[in-house]
Amino acid sequence: TKVVFRSSKLLPTMAIAIFVHSKRFTKSEWYSAALVCAGLAMVGLADAQNFGAAFHPLGLILVSTSVMADAITPNIQQRLFVS
């Protein structure tokens, strides 16, 4: 489940790119990213239902923090390499 959750960093990465690089994405890119993340969410929910996984709130906070850090890293690296 952690791998699936971390794989959905596409939307946060795109959102951060808007602020860091003033990058623009087309509607189709946003739509595609949303579909990918929705599919990953469905896989995660299916895992939770099939295996009876119980998510601890602290674990969700930590994984969410990890996803945000993973979304920030490539944007900052790109900015550093361009400068």
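Analyst: Helices (H or I, at least four residues) and strands (E, at least two) are DSSP runs, numbered from the N terminus. By this rule Gly39 is found in helix α3. The model is predicted, so local features need pLDDT of at least 70 and side-chain atom pairs count only at pLDDT 80 or more, while totals for chains, interfaces and linings use all residues. Residues are numbered from 1 along each chain as its sequence is written, and side-chain values use heavy atoms, with hydrogens and water left out.

User: How many helices and strands does the protein chain have?

Analyst: The secondary structure of the protein chain comes to 4 helices and 0 strands. Along the sequence this gives the pattern α-α-α-α.

User: What span is expected for α4, and what does the helix reach?

Analyst: The expected span of a helix is 1.5 Å times one less than its number of residues. Helix α4 has 26 residues and reaches 38 Å from its first C-alpha to its last, close to the expected 38 Å. Helix α2, with 12 residues, reaches 16 Å, close to the 16 Å expected for it.

User: How is the packing of two helices described?

Analyst: Two packed helices are described by the angle between their axes and the distance between the axes. Axes are lines fitted to C-alpha atoms, for helices over the stretch in contact, and angles run from 0 to 180 degrees between N-to-C directions. Here α2 (residues 10-21) and α4 (residues 57-82) pack at an angle of about 40°, and their axes are 9 Å apart. Angles under 35 degrees count as roughly parallel, over 145 as roughly antiparallel, 65 to 115 as roughly perpendicular and the rest as oblique. The pair α2 and α4 is therefore oblique.

User: Is the crossing of α2 and α4 left-handed or right-handed?

Analyst: A crossing is left-handed if the near helix is turned anticlockwise from the far one by less than a right angle, and right-handed if clockwise. The passage of α2 across α4 is right-handed.

User: Which residues of α2 are buried?

Analyst: Buried means under 20% relative accessible area, exposed over 50%, and partly exposed in between (1.4 Å probe, protein chains only). In α2 the buried residues are Pro12, Thr13, Met14, Ile16, Ala17 and Val20. In α4 they are Val67, Asp70, Ala71 and Asn75. Of the 83 residues of the protein chain, 19% count as buried.

User: What does Thr13 contact, leaving aside its neighbours within four places in sequence?

Analyst: With those neighbours set aside, Thr13 is in contact with Ala71, Pro74 and Asn75. Thr13 lies in helix α2 and has a relative accessible area of 19%, so this residue is buried.

User: Which residues does Arg79 contact under the same exclusion of neighbours within four places?

Analyst: Arg79 is in contact with Val20 and His21. Arg79 belongs to helix α4 and is partly exposed, at a relative accessible area of 46%. The C-alpha atoms of Arg79 and Ala17 are 10.0 Å apart, although the two residues are 62 residues apart in sequence.

User: How far apart in space are Gly39 and Ser8, C-alpha to C-alpha?

Analyst: They are 9.3 Å apart in space and 31 residues apart in sequence. Gly39 is partly exposed, with a relative accessible area of 26%. For the protein chain, among contacts between residues at least 6 apart in sequence, 71% join residues at least 24 apart.

Terms used
Contact = heavy atoms within 4.5 Å.
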